[in-house]
Amino acid sequence: MAITRPDYLRTGRSPGVTGSSVAVDVPLFDVARSFEAVRDEAIAVFERLLDSGRYILGPELREFEERFAAFCGTAHCVGVSDGTAALQLALSALGVEPEQEVVTVPNTFVATVEAISAARARPRLVDVDPGSRCMDVAALETVLDADTGAVLPVHLYGRLAAMGEITRLCTRAGVPVLEDAAQAHGASLHGRRAGSWGDVAAFSFYPTKNLGAAGDGGAVVSHSAEIASAARSLRHHGSRADDANRHERAGHTARLDNLQAALLSLRLEHLDEQNDQRRAAAHLYRELLADEPVALPRLEGPGERHVYHLFVIEVPQRDRVLSELRRRGIGAAVHYPTPIHLQPAWRSLGYARGDFPVAERLAQQCLSLPMFPGITEHEQVCVADALAVALR
Ligand SMILES: *Cc1c(COP(=O)(O)O)cnc(C)c1O
């Protein structure tokens with residue numbers, strides 16, 4: 001595909017007229033734009049729900065749970081308050097015990113590790129593969145043993161971790177797998193979607209995620225009725241399904257409310273289409289940036305379907321490039337500037353700089369470019385041109 005760039009973008013001259021060719025500011029995400037497809041229906045749903053007076057644990061929640069389980073290819077889904085709660089409830093539902101190790105990666109959003117600490121288990125970190133930026137399977141093999149409480153791979157930026165190898169190793173060791181699928185709604189590997197590989201998986205519906213609520217939300221999905229019913233009980237004070245006043249264990253208040261569930265059902269209808277828009281935008285970035293001295297996300301391998309929650313490149317002198325992009329109105333960002341093992345909150349784990357060289361290099365060089373369904377070709381050209389100038 002040939003990309004025509006307006007002349008002024010090359011010369012820096014403004015054409016002064018025709019709105020469409022003027023360099024525009026481009027946000028990192030545009031959540032409101034992503035909601036446009038369901039705007040009118042969403043308002044109708046809100047009115048209906050408000051009038052019904054039924055806001056918690058209603059039919060809208062059950063309906064969304066059924067739909068999202070079917071979407072993921074799992075038998076069960078439990079809607080919860082947010083992605084962090086989904087991870088924490090999933091760890092408890094698996095029976096991970098205090099002080100047991102849960103193996104995960106250093107280059108993730110803090111919530112992954114926060115949930116492990118909240119479940120009173122101990123995070124054990126392993127480095128990532130430089131190509132996929134997800135859990136390094138060889139590194140996992142060196143720390144995994146029968147005492148490990150769980151393995152928690154993160155499907156970073158919308159690409160699945162090496163789930164075939166990870167589940168094979170874990171099955172052999174008798175250790176359960178919890179997928180952190182917060183960035184990977186609809187991503188798949190060999191036709192199996194994120195959420196359907198592990199014993200259990202956690203999703204977030206934070207507004208900027210590929211499937212986002214108008215507020216907070218999350219879900220636990222599983223093939224196992226037992227794990228799902230434990231999560232269902234834990235999200236609602238540990239109460240029993242058949243007797244709400246009988247509490248088998250201390251739980252939480254961590255339900256997904258009916259309004260968010262109804263909105264998510266509407267948005268789920270458009271998720272595949274919106275993921276395709278993200279994939280098309282990623283394809284265009286690859287063309288626009290082909291000659292720049294940056295590392296692009298690795299191409300999809302056989303059977304891989306990446307859903308580009310984020311489009312993350314690697315650049316030397318990242319901080320200088322980032323501030324130049326921001327100065328030019330481009331909403332670039334860094335996910336994530338400090339790996340978990342170098343965060344003050346996890347100093348007690350005893351890790352040091354140099355322990356996870358791949359994650360540390362990614363933290364220094366990674367740069368997220370604007371990516372959201374509905375981003376226009378013109379906006380992407382503006383991002384690419386601003387980046388070309390910033391790299392000079
Ligand atoms: C967003 C996110 C979470 C947490 O989700 P919340 O809904 O914000 O609690 C967990 N893990 C990863 C990788 C995320 O990106």
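With which residue does Arg33 form a salt bridge? The partner is Asp30, and the closest N and O atoms of the two side chains are 3.0 Å apart; a salt bridge is here a side-chain nitrogen of Lys or Arg within 4 Å of a carboxyl oxygen of Asp or Glu. The structure is a predicted model, in which local features need pLDDT of at least 70 and side-chain atom pairs count only at pLDDT 80 or more, whereas totals for chains, interfaces and linings use all residues. Residues are numbered from 1 along each chain as its sequence is written, and side-chain values use heavy atoms, with hydrogens and water left out.

Arg33 is partly exposed, with a relative accessible area of 23%, while Asp30 counts as buried at 18%.

The structure holds 23 salt bridges. One of them joins the side chains of Glu269 and Arg67, at 3.3 Å from N to O. Glu269 lies in the loop between α10 (258-268) and α11 (271-288) and Arg67 in helix α4, so the pair ties together parts that are 202 residues apart in sequence. Helices (H or I, at least four residues) and strands (E, at least two) are DSSP runs, numbered from the N terminus. Glu269 is exposed, with a relative accessible area of 59%, and Arg67 is partly exposed at 32%.

A salt bridge is also formed by Asp276 and Arg305, with 3.3 Å between the closest N and O atoms. This pair links distant parts of the chain, since Asp276 is in helix α11 and Arg305 in strand β12 (residues 304-305), 29 residues apart. Asp276 is partly exposed, at 40% relative accessibility. Elsewhere, salt bridges link Asp129, Arg159, Arg298 and Glu304 in a network.

The ligand is surrounded by 14 residues, of which the closest are Gly83, Thr84, Asp180, Ser204 and Lys209; a residue is counted if one of its heavy atoms lies within 4 Å of the ligand. In the side chain of Thr84, an N or O atom is 2.5 Å from an oxygen atom of the ligand. Asp180 places a polar side-chain atom 2.8 Å from a ligand nitrogen, and Gln183 has a polar side-chain atom 2.8 Å from a ligand oxygen. The cut-off for a polar contact is a pair of N or O atoms within 3.5 Å; within protein, one must be able to donate a hydrogen and the other to accept it, and residues adjacent in sequence count only if both atoms are side-chain atoms.

Taken alone, the ligand exposes 380 Å², and the protein buries 93% of that area. Two or more residues of the shell come from each of the elements α5 (83-94) and α6 (111-118), and α5 gives the most, with three residues. By class, the shell has five nonpolar, six polar and three charged residues.

On the surface, Phe46, Leu50, Tyr55, Ile56 and Leu57 form a nonpolar patch with about 450 Å² of accessible area together. Patches are made of residues with over 30% relative accessible area and no salt bridge, nonpolar side chains (Val, Leu, Ile, Met, Phe, Trp, Tyr) being joined within 5 Å and like charges within 9 Å. Leu57 is located in the loop between α3 (39-52) and α4 (59-72) and is partly exposed, at 32% relative accessible area. Arg54 is found in the loop between α3 and α4 and is partly exposed at 37%.

Methods:
Areas by Shrake-Rupley, 256 points an atom, 1.4 Å probe, with all protein chains shown as cover. Buried < 20%, exposed > 50% of the residue type's maximum accessible area, 1.4 Å probe, protein only. Nonpolar A, V, L, I, M, F, W, Y, C, P; charged D, E, K, R; others polar.
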